[in-house]
Amino acid sequence: MNPMEKSTAAQTWRGLPAAQQPDWPDRDVLRRVTDDLATAPPLVQAAECDRLRSRLSEAARGEAFVLQGGDCAEVLGGATADSIQGKLKTLLQMAAILTHGASVPVVKIGRMAGQYAKPRSSPTETREGVTLPSYFGDAVNDRAFTAAARRPDPARLRAVYDASAATLNLVRAFAGGGFADLHRVHAWNQGFLTDSPAAGRYERLATEIDRTMAFMRACGVDPRQLHITEFFTSHEGLLLDYESALTREDEATGRSYATSAHLLWIGERTRDPDGAHVEYFSRVANPVAIKLGPSTTADDLLAYVDRIDPQRLPGRLSFVTRMGRDRVRDVLPVLMEKAAANGIRACWITDPMHGNTFTADGGYKTRRFDDVIDEVKGFFEVHKALGVQPGGIHVELTGEDVTECLGGGHDIGVGDLARSYDSACDPRLNHSQSLDLAFLVAEMLQDGRRALHDPALTRTRP
Ligand SMILES: O=C[C@H](O)[C@H](O)COP(=O)(O)O
Ligand SMILES: C=C(OP(=O)(O)O)C(=O)O
Ligand SMILES: [Mn+2]
């Protein structure tokens with residue numbers, strides 16, 4: 001039987017306003033592709049999604065910290081072993097820095113194995129007098145600026161599923177097959193530039209971790225416990241035809257799950273509380289995140305909870321705030337206070353990138369590393385004032401030595417952007433900027449935890 005027929009959850013969004021959906025030129029081809037996907041094996045299992053929900057509830061309570069990161073837009077030709085391994089190693093290094101610095105377990109979530117669809121500010125792009133549809137991610141069209149490349153092609157959805165499966169296969173092999181073993185903490189630094197201050201600092205930290213593990217072994221702790229790590233996948237749940245086709249009912253519980261990734265998020269441009277995206281995600285049992293930009297109101301927040309998490313299930317709903325460095329300190333407290341006043345214990349995660357994008361001379365979309373840090377600082381300050389622990393950080397990054405964001409250890413300038421700008425959409429932190437960020441966040445976490453455990457500095461929780 002076609003699994004889609006079993007899951008009404010996958011269908012109730014139809015007929016509601018669905019923002020940012022492609023104008024597929026041939027609906028019959030779309031139908032053939034989604035019917036095919038509806039019989040394809042699920043990429044993730046319900047139990048894994050439930051486990052992530054439980055980890056997110058720990059982060060919401062301040063007992064863990066989320067690290068979510070990867071490309072702005074994965075590209076089909078980019079699912080190579082080197083590129084996937086580079087991102088994984090970067091995330092593992094950042095997680096080691098955060099865990100070591102803040103003595104808190106890190107929940108590792110890739111923006112990987114499915115992050116192929118992009119919402120855009122404008123449906124069209126004009127270059128030298130020629131106007132074509134914008135690039136909406138490899139799930140929809142191709143970024144080359146020709147009419148043929150920009151034509152939406154539903155066959156891409158199957159290619160995205162296949163690339164996601166291949167990526168996830170490698171991720172699972174790395175996470176469970178010894179590569180993520182904490183004993184390899186030095187090896188994760190291999191293959192990257194070693195001349196940055198962050199790389200040197202990382203080497204010293206890795207040596208310290210090695211020493212700690214030797215100590216633990218001497219104390220009789222079983223080193224096999226450090227052999228495997230948990231790693232989850234996530235992407236923006238943008239293309240509802242794709243997500244619906246991959247929705248499956250869990251036989252054990254009868255609940256429906258989006259099986260394209262463990263966690264899906266609703267983007268800033270598709271978070272209309274009465275829209276199709278919120279409706280779809282209200283019907284699946286995965287942990288769900290919502291991006292909140294500076295225009296988010298306290299009423300929006302309550303509507304999301306009513307629609308998506310009426311039972312207030314711990315870990316079900318996370319808020320990824322992307323306010324911009326100059327708005328976070330004003331907008332976030334209003335939302336968090338409203339949440340607290342209504343007994344809402346969501347996991348609050350900062351995305352310090354999407355509110356800080358601008359176009360530099362030369363036409364490159366970029367972000368300043370210092371702005372990114374400032375938004376994280378603002379996010380931490382707001383939490384400190386409210387007496388709660390931040391839930392995590394969400395960033396666009398790559399293991400490659402790209403020059404897409406300004407500043408950081410190598411002090412990338414506007415003139416450097418052209419040298420190695422490879423992103424299909426938004427500018428990503430490169431490897432050394434990612435480690436720089438992790439060290440700074442580890443320090444902020446450490447300070448925050450110290451303050452929270454210091455009775456003289458602790459306010460009553462709102
Ligand atoms: O990644 C996010 C969005 O797709 C992106 O920020 C939108 O960018 P645009 O304003 O160039 O369309
Ligand atoms: C589109 C994105 O973000 P936002 O919805 O916050 O703009 C993104 O994360 O790439
Ligand atoms: Mn982006």
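Q: Leaving aside neighbours within four places in sequence, which residues is Arg322 in contact with?
A: This is a predicted model, and in it Arg322 contacts Glu268, Lys291, Gly293, Asp351, His354 and Gly355.

Q: Is Arg322 buried or exposed, and why?
A: Arg322 counts as buried, because 24 C-beta neighbours lie inside 10 Å and the cut-off for buried is 20 or more.

Q: Where in the fold is Arg322 found?
A: Arg322 is in the loop between β10 (317–321) and α11 (328–341).

Q: OK, on to ligand 2. Which residues are around it?
A: The residues around ligand 2 are Cys72, Pro119, Glu236, Gly267, Glu268, Arg269, Lys291, Arg322, His354 and Asp426.

Q: How do the residues of that shell around ligand 2 divide by type?
A: Six are charged, two are polar and two are nonpolar.

Q: What does UniProt list under "binding site" with Arg322?
A: An unreviewed UniProt entry lists Arg111, Glu268, Arg269, Lys291 and Arg322 as "binding site".

Q: Tell me about Arg269 then. Where is its place?
A: Arg269 sits in the loop between β8 (263–266) and α9 (276–282).

Q: What does Arg269 touch, not counting residues up to four places away in sequence?
A: Arg269 touches Ala19, Gln20 and Pro119.

Q: Switching to ligand 1: what surrounds it?
A: Ligand 1 has Cys72, Lys118, Pro119, Arg120, Ser121, His354, Cys425 and Asp426 around it. By type, that shell divides into three charged, three nonpolar and two polar residues.

Q: Which other residues does UniProt's "binding site" annotation cover, along with Cys72?
A: The annotation, again from an unreviewed entry, covers Cys72, His354, Glu396 and Asp426. Those residues are spread over 355 residues of sequence, yet they cluster in space, with a largest C-alpha distance of 10.0 Å.

Q: Is Cys72 buried or exposed?
A: Cys72 counts as buried, because it has 23 C-beta neighbours inside 10 Å. Cys72 is found in the loop between β1 (65–70) and α4 (81–102). Leaving aside neighbours within four places in sequence, Cys72 is in contact with Glu396, Ser423, Cys425, Asp426 and Arg428.

Q: What about Asp426, where is that found?
A: Asp426 is in the loop between β14 (392–396) and α13 (431–453). With 18 C-beta neighbours inside 10 Å, Asp426 counts as partly exposed. Beyond four places in sequence, Asp426 is in contact with Cys72, Thr357, Lys365 and Glu396.

Q: New topic, helix α3. What span should it have, and how far apart are its end C-alpha atoms?
A: Helix α3 (residues 46–60) has 15 residues, so at 1.5 Å a residue it should span 21 Å. Its end C-alpha atoms are 21 Å apart, which agrees.

Q: Which residues of α3 are buried?
A: The buried residues of α3 are Ala46, Cys49, Leu52, Arg53, Arg55, Leu56, Ser57, Ala59 and Ala60.

Q: And what follows α3?
A: Gly62 follows α3, and its phi is positive, near 85 degrees.

Q: Last one: how do strands β3 and β4 pair?
A: β3 (residues 124–127) and β4 (residues 130–133) pair in the antiparallel sense over four bridges. Thr124 has Pro133 in β4 as its bridge partner. The two strands form a hairpin with two residues between them, and Glu128 in the turn has a positive phi of about 45 degrees.

Methods:
Residues numbered from 1 in each chain as written. Chains lettered and ligands numbered in written order. Predicted model: local features only at pLDDT ≥ 70, side-chain atom pairs only at ≥ 80, totals over all residues. Near = placed C-beta within 6 Å. Nonpolar A, V, L, I, M, F, W, Y, C, P; charged D, E, K, R; others polar. UniProt positions renumbered as here; feature names shortened; annotations may be inferred. Contact = placed C-beta atoms within 7 Å. Buried ≥ 20, exposed ≤ 12 C-beta atoms within 10 Å, placed from the backbone. Expected span 1.5 Å × (residues − 1). Pairing = 2+ DSSP bridges.
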